[in-house]
Amino acid sequence: MKIEKIFTDAPNQKVIDNAIDCIDKGNIIIIPTDSVYAFACDALNNSAIEKICSIKAIKSDRTNLSIICCDIAQASEYARIDNATFKMMRKNLPGPITFILPALNKLPKAFKGRKTVGIRIPATCIITEMVRKLGHPIMVSSIPVVDFDNDTEPELIAETYDNSATLIIDFGRGGSIPSTVVDCTEGECTVIRQGNAVLTE
């Protein structure tokens with residue numbers, strides 16, 4: 001696995017271009033978010049999504065799938081966002097919160113038949129800039145943090161998943177607490193998993 005080490009969250013075009021090249025080829029990469037490190041792939045590539053589900057030994061049709069968008073405007077192309085939810089997202093994003101929203105039909109086969117999709121806009125500039133340059137979202141699934149050292153240290157993550165991903169963006173030790181998850185599908189926004197962010201209402 002190739003390791004791209006970065007020392008600042010400022011957009012690094014070389015790293016961004018290398019990550020996009022991997023994603024365009026249908027490969028899996030590992031990225032830092034503002035919560036934990038995560039597997040990532042092209043959100044419009046069904047076979048790549050299935051690869052991530054296979055790595056994590058989960059079924060795509062039985063698992064909540066999330067995408068990273070560069071901003072709320074892009075998110076609105078893939079999820080239905082009413083006025084109240086829009087205001088809530090504006091108050092809390094970017095940040096380590098996943099909003100569960102009604103899904104639109106622009107997503108790939110792995111999302112078909114689903115009524116919802118998780119939307120992430122992390123406060124990790126290099127990742128949102130990567131999505132902006134790619135032109136559409138990336139699908140993400142967090143790396144399980146079972147052992148704090150092995151699952152938060154990029155070089156050890158790279159060793160563990162050397163045969164599963166082609167690149168990891170190393171931004172130093174990651175977090176161990178996942179994003180807060182907020183369900184906005186029933187008219188009100190309800191926290192269904194408290195993570196490392198407190199929802200501002």
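These legends walk through several close-up views of a predicted model.

**View 1. The whole chain, to get your bearings.**
Start with the fold as a whole: seven helices and 10 strands make up the picture. The radius of gyration is 16 Å, close to the 17 Å that the globule rule gives for 201 residues, so the chain is as compact as a globular protein of that length. If you boxed up the C-alpha atoms along the principal axes, you'd need roughly 45 × 35 × 30 Å. Of the 201 residues, 52% are buried. Now take the contacts between residues at least 6 apart in sequence: 67% of them join residues at least 24 apart.

At the start of H4, look for Asp 82: one of its side-chain oxygens reaches to within 3.3 Å of the backbone nitrogen of Ala 84. Then follow the chain into the loop between H4 and E5, which is where Pro 94 sits. The peptide bond from Leu 93 to Pro 94 is cis, with omega near 0°.

**View 2. Asp 34, tucked into a loop.**
Asp 34 has its place in the loop between strand E2 (29–31) and strand E3 (38–42). Is this residue, Asp 34, buried or exposed? With a relative accessible area of 18%, Asp 34 is buried, because the cut-off for buried is under 20%. A polar atom of the Asp 34 side chain lies 2.7 Å from the backbone nitrogen of Ala 123. Leaving aside residues up to four places away in sequence, Asp 34 touches Gly 95, Pro 96, Arg 120, Pro 122, Ala 123, Thr 124 and Asn 196.

**View 3. Ala 57 and its positive phi.**
This view goes to the loop between helix H2 (46–55) and strand E4 (66–68), where you'll find Ala 57. Check its backbone: phi of Ala 57 is near 55°, a positive value in a residue other than glycine. Ala 57 counts as exposed, at 69% relative accessibility.

**View 4. Lys 25 meets Asp 21.**
A search of the whole structure turns up 11 salt bridges, and this is one of them: the side chains of Lys 25 and Asp 21 meet at 3.2 Å, N to O. How exposed are the partners? Lys 25 counts as exposed at 59% relative accessibility, while Asp 21 is partly exposed, with a relative accessible area of 38%.

Glu 129 and Arg 132 form a salt bridge, with their closest N and O atoms 3.5 Å apart. Both belong to helix H5 (residues 125–134), and because they are three residues apart, about one helical turn separates them. Glu 129 counts as partly exposed at 24% relative accessibility, and Arg 132 counts as partly exposed at 42%.

Asp 149 lies in helix H6 (residues 148–152) and Arg 173 in the loop between strand E8 (167–170) and strand E9 (180–183), so the pair ties together parts that are 24 residues apart in sequence. Asp 149 is partly exposed at 43% relative accessibility, and Arg 173 is partly exposed at 43%. Elsewhere, salt bridges that share partners join Lys 2, Glu 4 and Lys 14 into one network.

Definitions and conventions
Residues numbered from 1 in each chain as written. Predicted model: local features only at pLDDT ≥ 70, side-chain atom pairs only at ≥ 80, totals over all residues. Heavy atoms only, no water. Polar contact = N/O pair within 3.5 Å; in protein donor to acceptor, adjacent residues only side chain to side chain. Helix = DSSP H or I, 4+ residues; strand = E, 2+ residues; numbered from the N terminus. Buried < 20%, exposed > 50% of the residue type's maximum accessible area, 1.4 Å probe, protein only. Contact = heavy atoms within 4.5 Å. Rg over C-alpha atoms; globule rule 2.2 N^0.38 Å. Salt bridge = Lys/Arg side-chain N within 4 Å of Asp/Glu carboxyl O.
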